[in-house]
Amino acid sequence: MHTEVGPVDTVDDELRAQLLACWADVSNAGGSVGFVPPVTEEGVAPYLDAVIERVHRGRELLAVLRVDGRLAGFAVLSLSVSPLRRHWATVLRVQVRPELQGRGLGRVLMTGLHDIARTRGLEFLHLTVRGGTGLEAFYADIGYREFGRMPGAIRVAPGDDRDELHLTCRL
Ligand SMILES: CC(C)(COP(=O)(O)OP(=O)(O)OC[C@H]1O[C@@H](n2cnc3c(N)ncnc32)[C@H](O)[C@@H]1OP(=O)(O)O)[C@@H](O)C(=O)NCCC(=O)NCCS
């Protein structure tokens with residue numbers, strides 16, 4: 001199995017379709033990437049297109065994970081507009097295709113993302129995790145620590161409010 005994680009500056013139609021299928025499939029499998037199931041590709045498309053637009057403007061960095069040449073996951077780095085925060089970025093939408101999860105690829109994706117971030121001069125990363133998912137254990141393994149939480153910030157369903165956990169990693 002050959003894995004690679006690379007930065008993408010330009011998203012063409014073929015890559016857009018792969019990213020869209022990934023994001024919808026991961027969401028429908030219960031992943032915490034901005035939606036609750038069920039979602040359709042049409043429902044996810046405006047959010048993906050907004051990411052692509054920010055990537056093309058240089059506001060966000062897209063890291064794509066490929067396994068044997070095929071898209072297996074992706075993550076986004078949102079860069080700060082403040083000149084005082086150029087050493088910080090926020091990690092968003094970390095995901096591995098559902099059928100490929102649990103084989104170490106999430107760690108490969110994050111390690112590659114960290115390499116890309118370092119190359120761009122970043123020193124700290126920030127990300128948020130939906131409470132009750134256990135995902136903080138995944139991030140703790142790769143160097144993240146919790147520094148706070150926003151109580152009840154995520155309403156996954158009426159009567160099911162989750163804390164939003166804030167994590168950080170020094171690169
Ligand atoms: C989170 C995600 C990217 C991890 O990728 P993955 O390929 O499944 O994870 P890996 O196989 O690399 O796991 C690495 C380690 O993290 C642990 N881990 C992975 N997902 C976990 C979870 N949800 N809860 C607790 N631990 C987890 C694994 O057990 C493994 O530990 P080990 O090395 O001791 O066995 C992937 O499961 C995914 O896409 N999930 C859906 C989307 C999502 O929720 N993203 C998070 C947004 S904050």
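1. Helices here are DSSP runs of H or I with at least four residues, strands are runs of E with at least two, and both are numbered from the N terminus. With that in hand, helix 4 gives the largest share of the shell around the ligand, 4 residues. Bear in mind that this is a predicted model, where local features need pLDDT of at least 70, side-chain atom pairs count only at pLDDT 80 or more, and totals for chains, interfaces and linings use all residues. Residue numbers start from 1 along each chain as its sequence is written.

2. Now the ligand itself: 21 residues surround the ligand, and the closest are Gly31, Gln101, Gly106, Gly134 and Phe138. Strand 4 (88-96), helix 3 (105-119) and helix 4 (135-141) are the elements that give two or more residues to this shell.

3. Next, helix 3. Its 15 residues should span 21 Å at 1.5 Å a residue, and the end C-alpha atoms are 21 Å apart, so the two agree. The expected span is 1.5 Å times one less than the number of residues.

4. Which residues of helix 3 are buried? They are Gly106, Leu109, Met110, Leu113, His114 and Ala117. These cover an arc of only 135° around the axis, so they sit on the same side of helix 3; the arc is taken from the directions from the helix axis to the C-beta atoms. Arg118 and Thr119, on the other side, are exposed. Buried means 20 or more other C-beta atoms within 10 Å of the residue's own, exposed 12 or fewer, with C-beta atoms placed from the backbone.

Methods: Near = placed C-beta within 6 Å.
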